[in-house]
Amino acid sequence: MNTGENGDVMRAIAISEFGATPVRMNLPVPEPGPGEALVKIVAAGLNPVDWKIADGMLKDTVPHSFPLVLGLDGAGVVASVGEDARFRVGEQVFGRFFGVPRGLGTYAEYTIAAADDVVARMPEGMLYSLAAAVPTAGMTALAVVEEGRIEGGQSVLVIGATGGVGQPVVRLASRRGAMVIATARPDMAQRMRTLGAAETVDHTRGDTAALVREIRPDGVDAILDMVGDRPAAERLAGLLRPGGVYVSTVWGVDPDALEARGLRGVNISYPPTPELLERVVELLGTGEMLIDVDEEVSLEDAPAALARSRAGRARGKTVIRP
Ligand SMILES: NC(=O)c1ccc[n+]([C@@H]2O[C@H](COP(=O)([O-])OP(=O)(O)OC[C@H]3O[C@@H](n4cnc5c(N)ncnc54)[C@H](OP(=O)(O)O)[C@@H]3O)[C@@H](O)[C@H]2O)c1
């Protein structure tokens with residue numbers, strides 16, 4: 001790729017190697033190649049996968065370039081385009097920019113929308129902060145609810161309900177007519193009810209499976225889990241009624257073991273597609289999906305926001321303003 005041939009530099013949050021602390025760097029403004037657009041980032045969305053990539057989560061599956069600018073989700077304005085690009089200069093775009101192999105990311109003043117990135121024109125009237133918060137959380141939440149085949153009348157337990165993915169999951173499942181039980185610390189219980197949860201369980205009070213069993217002695221039809229590792233998922237799966245389904249975004253499920261017990265297990269592998277992003281936009285429009293921007297921080301504060309994400313207690317989405 002041509003990078004910074006015009007000599008311009010930009011502010012970015014990047015790492016110099018796997019495991020390094022993300023820091024502010026001045027890096028060359030990338031230049032769009034054929035089919036690509038240079039996007040001036042107005043807002044970037046923070047996801048746990050950002051610090052997981054920094055830790056090396058994808059090191060065996062995807063090539064990386066260093067310094068590596070962090071961030072996949074973003075929204076901004078097309079600043080220049082390469083030959084045959086699908087966008088025009090001045091258009092507002094948002095989506096998931098996968099620049100890892102080239103060291104590019106959205107925690108920067110500029111990034112590149114490659115031809116195969118799931119990046120689209122921003123819907124009329126959508127704010128940049130929401131557009132940056134939506135892509136990963138929205139597409140994942142939709143995939144979770146669809147893979148779970150959630151429908152009216154089901155009893156659905158959502159683990160990690162207060163987070164970036166959990167909140168749209170709670171909303172989508174309850175709008176489909178499911179009776180949702182959401183995990184939440186006390187300060188988030190009302191928020192969960194506003195999203196449509198029928199009941200909440202404070203997961204900090206003890207063993208979540210035992211707490212749910214107290215209010216649902218007959219168990220639940222589905223568990224949508226954004227948190228639990230294999231042992232935790234194994235304990236919670238005991239709540240499932242025959243024919244029930246367990247969906248995990250963190251590879252907590254052993255589908256074969258569940259199948260042997262007459263249950264269905266699905267591990268979600270992040271499936272970004274233009275169609276999925278389009279459907280997320282539609283669902284936001286009808287109110288069937290809601291995504292909450294909890295905080296906006298400056299680019300310089302992004303490393304601290306990443307550290308907070310790692311420590312837990314997310315209350316919705318964090319957006320970074322370069
Ligand atoms: N597979 C995929 O394709 C895919 C896609 C997107 C995300 N993910 C993964 O899915 C996970 C969730 O993502 P996210 O963006 O929603 O993260 P997030 O915004 O950080 O939210 C996580 C939520 O889980 C809650 N939580 C933590 N421990 C809990 C427990 N034991 N019981 C119940 N709730 C608990 C946290 O609140 P408290 O700390 O207050 O409890 C927080 O609200 C991340 O690990 C992410 O990497 C995977």
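The model is predicted: local features need pLDDT of at least 70, side-chain atom pairs count only at pLDDT 80 or more, and totals for chains, interfaces and linings use all residues. Residues are numbered from 1 along each chain as its sequence is written, and side-chain values use heavy atoms, with hydrogens and water left out.

**The two domains**

Select residues 9-122 together with 292-321 and colour them as domain 1; then select 136-267 as domain 2. These bounds come from an automatic or database domain assignment. The centres of domain 1 and domain 2, taken over C-alpha atoms, are 30 Å apart. Domain 1 brings 11 residues to the contact and domain 2 brings 12, where contact means heavy atoms within 4.5 Å.

**The interface**

Between domain 1 and domain 2, about 840 Å² is buried, and carbon and sulfur atoms give 52% of this area. Buried area is the accessible area (1.4 Å probe) that two parts lose on being put together, summed over both. Select D292, R313 and R315 next: they supply 47% of the area that domain 1 buries against domain 2, more than any other three residues.

A salt bridge is a side-chain nitrogen of Lys or Arg within 4 Å of a carboxyl oxygen of Asp or Glu. The count between the two domains is 1 salt bridge. On the side of domain 1 that touches domain 2, the residues divide into 2 nonpolar, 2 polar and 7 charged. Here Ala, Val, Leu, Ile, Met, Phe, Trp, Tyr, Cys and Pro count as nonpolar, Asp, Glu, Lys and Arg as charged, and the others, Gly among them, as polar.

**A sheet of three strands**

Turn to the open sheet with the order β2-β1-β4, whose pairing is antiparallel. Its edge strands are β2 (23-28) and β4 (68-69), each pairing on one side only. Strands (E, at least two residues) and helices (H or I, at least four) are DSSP runs, numbered from the N terminus, and two strands pair if DSSP finds at least two bridges between them. Select β1 (residues 9-15): this strand and β2 pair over 6 bridges. Within the pair, M10 stands opposite L27 in β2.

**A further salt bridge**

The structure holds 16 salt bridges. For one of them, select R176 and E146, whose side chains meet at 3.1 Å, N to O. R176 lies in the loop between α3 (166-175) and β10 (179-183), whereas E146 belongs to helix α2 (residues 128-147); the two residues are 30 apart and link distant parts of the chain.
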